[in-house]
Amino acid sequence: MRAWHFSETAYPYLPPADSYLSIRVSLPNKLYDPAKGAALYDRYIDEWLIAEEEGVEIMLNEHHQTATCVDPAAPLMLAALARLSKKARLLILGNPVANRRQPVRVAEEMAMIDVLSHGRLEAGFVRGVPYEILPANSNPVRMNERHWEALDLIVKCWTHHDGPFSHEGRFFHHRAINIWPRPIQQPHPPVWVSTTSTGGAAQVGAHGYVQATFLTGFDTTKRIFDAYRKGWRDAGRGQDVPIDRLAYAALIYVGDSEARARAGAEKLLWYVQANKVPPHFANPPGYVPVAMNVQLARGAHNVVSAFGTKQATVDGALEAGTMFAGTPDQVLSQIRKHSDHVGGYGQLLIMGQAGFLEHDDTVHSIRMFAREVYPKLKELYPDTMISGFEHAKAAAAAG
Amino acid sequence: MNTTIMKIAGIDLEVLDSGNENAAKSKPLLFLHSGMGNDPWQSFAGELAKQRRVIAPSHPGFGQSSLPEWLDCVDDIAYLHLELLDRLGVEQVDMVACSIGGWIGAEMASKAPQRFRRVVLIGPVGVKLGSADKLDIPDIFAMPQTDADKLIYKDPEKLLPDFSKLSEAELATIFRARETLALLVWEPWMHNTKLKHRLHRVIAPAMFVRGGSDGLVSANYLEGYAKLLPNARTTTISGAGHLPHLEQPQALTSAINEFLEK
């Protein structure tokens with residue numbers, strides 16, 4: 001099991017939520033004080049480096065036009081971390097390539113960070129949440145197709161070493177691609193993809209990339225991981241899916257007492273509670289398939305905006321499996337229950353800072369996790385483990 | 001009226017054709033619908049068909065028409081509908097076209113001016129006239145649906161269907177239309193930067209129509225658009241928003257018939 005400290009570098013100093021329509025896309029940036037923002041960057045970087053000291057890896061992501069994540073150019077932050085950190089793996093999850101006009105530029109950025117960090121890059125790619133559409137002025141229709149063309153092209157950029165090649169695809173066109181530098185890691189840095197759909201997960205599995213999913217709880221995560229394992233097997237990668245191919249992101253707070261853990265968990269909920277986004281930003285036309293929009297119109301739960309609609313209480317989130325919080329023993333048992341339910345994963349993405357969770361409290365949880373929970377997780381879920389093994393065995397036994 | 005599926009450029013194109021019954025009276029009329037998936041335009045086309053042959057395709061990605069992977073802009077549809085006229089053996093038509101249909105129609109008339117005798121564009125989009133720092137057409141996808149409805153309809157409550165009573169198939173048609181509309185108009189928003197440099201080619205006398213309460217196509221926009229054609233005039237239908245063929249069908253039909261019969 002590998003664990004990652006993930007911070008969205010949020011800017012929490014906002015007026016009351018009823019004074020604005022949306023925390024994303026349209027929130028005026030006059031509400032952002034750059035001096036406070038600079039102090040926050042310093043602090044969040046310190047927390048990543050403390051995580052590294054404790055043996056936890058580093059993860060970041062990218063969002064645009066939002067106070068929830070003031071990291072609109074994640075490769076820049078990653079470049080800084082590449083120089084400030086020494087040993088941690090550096091996961092960007094990820095590059096929103098369906099919203100970027102030049103996949104070749106993304107390949108260059110990632111290759112450069114891989115070299116700067118002496119081969120510590122883990123390169124993630126995301127389709128991007130729906131509220132990224134408007135900031136990128138990106139067409140919400142056919143995003144998935146753009147995403148995969150871009151990703152395939154980026155991998156080719158990293159692995160082609162004999163001078164210029166051309167790409168005349170459906171969405172992207174280049175006559176002479178020949179990136180400098182090329183990545184250190186061979187044949188290329190590990191690729192991660194996040195998705196919440198079973199179709200997407202099967203595709204990620206077929207490619208053998210690492211599949212990550214965020215706050216999808218028990219049953220949805222199981223469906224996604226099942227689809228990944230099926231995609232992996234159907235593509236002829238063998239029966240055994242290594243556990244390190246699957247990643248789950250949850251809100252996690254570990255305290256030295258139940259009371260302290262509870263207080264930390266309450267503050268982490270800012271992630272969910274603060275995500276005020278109106279429907280026209282949360283579900284632009286074409287972002288989800290027509291059939292899903294029909295279900296939504298009939299009152300179905302919106303998986304896409306689950307981020308904003310999940311139980312916004314600690315007890316609700318714990319029950320849903322979107323949060324693991326408590327003393328070390330409690331958190332360990334919550335993670336085991338969840339991991340075993342979904343067939344096992346080898347990457348735990350810790351959403352360990354949100355809103356008004358102050359520096360000391362953030363660091364307390366990082367340390368408690370790293371010292372009291374992480375060693376046991378590594379024992380329980382060694383990297384050699386096979387995901388879905390129990391599940392496969394049960395299915396075989398049932399004939 | 002008969003709806004058939006025609007295979008054109010690999011696309012299954014749904015075409016409503018009222019047939020040749022009234023052919024002797026006047027030119028056939030090509031009706032190009034708006035971007036609304038729940039737009040009951042067929043009844044309006046039926047009104048027009050009382051006087052003449054009406055040919056009304058569903059644009060790709062709307063109604064029963066398929067949407068191929070390669071198709072992603074209004075220009076593609078303009079060529080497709082020109083080929084439809086070829087396939088039907090129709091040399092020259094009158095055109096009535098609404099909203100994004102008006103954009104498609106303007107593209108067609110700029111490409112093949114001789115194919116059109118008279119052109120009526122109702123609340124057409126498709127050109128950029130104003131300054132770079134202000135959208136000519138408000139961004140209906142970046143506002144609450146209730147706000148968009150107020151721009152589209154003079155009286156939303158009267159015209160909007162009860163969505164809870166629609167069948168799944170009807171809902172699917174609406175959402176599919178919305179998705180196709182987004183695909184076509186997203187960037188540049190609601191226009192083709194080239195179109196305004198081509199419209200001088202149009203030969204047909206044109207009438208530009210807007211509902212007096214249209215919140216999407218302003219009076220200034222309509223005037224400016226009409227001036228790009230050599231021979232165009234404008235008229236306003238009061239008591240209607242962006243879709244006067246739904247809110248004031250009789251007044252619009254009279255205006256159209258008067259213009260076409262001249």
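**Entry 1: the A–B contact.** I looked up who touches whom (heavy atoms within 4.5 Å): chain A brings 20 residues and chain B brings 25 residues. I'm working with a predicted model, where local features need pLDDT of at least 70, side-chain atom pairs count only at pLDDT 80 or more, and totals for chains, interfaces and linings use all residues. Residues are numbered from 1 along each chain as its sequence is written, chains are lettered from A, and side-chain values use heavy atoms, without hydrogens and water.

**Entry 2: area.** About 1900 Å² is buried between chain A and chain B, with carbon and sulfur atoms giving 59%; that is accessible area (1.4 Å probe) lost on putting the two together, summed over both. On the chain A side, A:Arg142, A:Pro285 and A:Arg298 lose the most, together 29% of what that side buries.

**Entry 3: charges across.** I found two salt bridges across this interface, meaning a side-chain nitrogen of Lys or Arg within 4 Å of a carboxyl oxygen of Asp or Glu. A:Arg101 and B:Glu187 meet in a salt bridge at 3.1 Å, N to O.

**Entry 4: inside chain A.** A:Arg367 pairs with A:Glu53, closest N and O atoms 4.0 Å apart. A:Arg367 sits in helix α15 and A:Glu53 in helix α1, so the pair ties together parts 314 residues apart in sequence; helices here are DSSP runs (H or I, at least four residues), numbered from the N terminus. A:Glu53 and A:Arg367 also belong to a salt-bridge network with A:Glu54 and A:Arg371.

Definitions and conventions: Helices (H or I, at least four residues) and strands (E, at least two) are DSSP runs, numbered from the N terminus.
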